[in-house]
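Biologist: I am new to this one. Please show it to me, and let me ask how you know what you say.

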Amino acid sequence: MNVIEKIERENMRMDMPSFRSGDTVKVHLRIVEGEKERIQIFQGNVIRVSRGTTNASFTVRKISDGVGVERIFPLYSPFIDHVEVVTEGRVRRSRLYYLRNLKGKAARIKPRNRFS
């Protein structure tokens with residue numbers, strides 16, 4: 001194992017749940033404002049998961065006041081307190097960029113059946 005891989009393994013977090021694109025997640029972010037620190041929750045659909053070691057990331061999309069908001073989170077960021085999987089979605093793509101063009105009920109994702 002070379003030095004770079006060793007450093008990457010030290011910075012990886014093992015407390016992240018497994019989720020896929022199509023899942024609805026709550027990302028609890030640690031926000032620092034001056035000397036105060038608070039937790040902000042960003043809930044939305046995972047439209048992209050980029051695998052890797054320390055450069056792994058995922059994109060979450062939500063609709064806020066009728067406007068689509070997307071945020072890209074590094075998977076092993078120290079600013080992420082924890083990630084909570086709300087629902088698991090059944091999709092047939094790994095990148096759900098087509099959701100950007102859909103509105104309302106058309107943008108819903110069907111739930112995944114765990115027992116069939």
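Biologist: Are Phe42 and Phe73 buried or exposed?

Modeller: Phe42 is buried, and Phe73 is buried too. Keep in mind that this is a predicted model.

Biologist: Why is the pair of Phe42 and Phe73 called edge-to-face?

Modeller: Their ring centres lie 5.8 Å apart, and pairing needs centres within 6.5 Å.

Biologist: How many aromatic pairs does the structure hold?

Modeller: Three. Another of them joins Phe19 and Phe58, with ring centres 5.0 Å apart and planes at 70°, so that pair is edge-to-face. Phe19 lies in the loop between helix H1 and E1, and Phe58 in strand E3, 39 residues apart. Ring pairs link Phe19, Phe42, Phe58 and Phe73 into a cluster.

Biologist: How do you know that Phe58 is buried?

Modeller: Its relative accessibility is 1%, and buried means under 20%, so Phe58 qualifies. Phe19, at 6%, passes by the cut-off of under 20% as well, so Phe19 is buried.

Biologist: Which residues have the most contacts inside the largest nonpolar core?

Modeller: Among them are Phe19, Phe58 and Phe73. That core has 18 residues. Its largest share, four residues, comes from E1. Phe58 also touches Arg48 and Arg71, among others.

Terms used. Residues are numbered from 1 along each chain as its sequence is written. This is a predicted model: local features need pLDDT of at least 70, side-chain atom pairs count only at pLDDT 80 or more; totals for chains, interfaces and linings use all residues. Side-chain values use heavy atoms; hydrogens and water are left out. A nonpolar core is a set of buried Ala, Val, Leu, Ile, Met, Phe, Trp, Tyr and Cys residues joined through side-chain atoms within 4.5 Å. Buried means under 20% relative accessible area, exposed over 50%, partly exposed in between (1.4 Å probe, protein chains only). Helices (H or I, at least four residues) and strands (E, at least two) are DSSP runs, numbered from the N terminus. Contact means heavy atoms within 4.5 Å. Rings of Phe, Tyr and Trp (its six-membered ring) pair if their centres lie within 6.5 Å; planes under 30 degrees apart count as stacked, over 60 as edge-to-face and the rest as tilted. Lists of a residue's contacts leave out its neighbours within four places in sequence.
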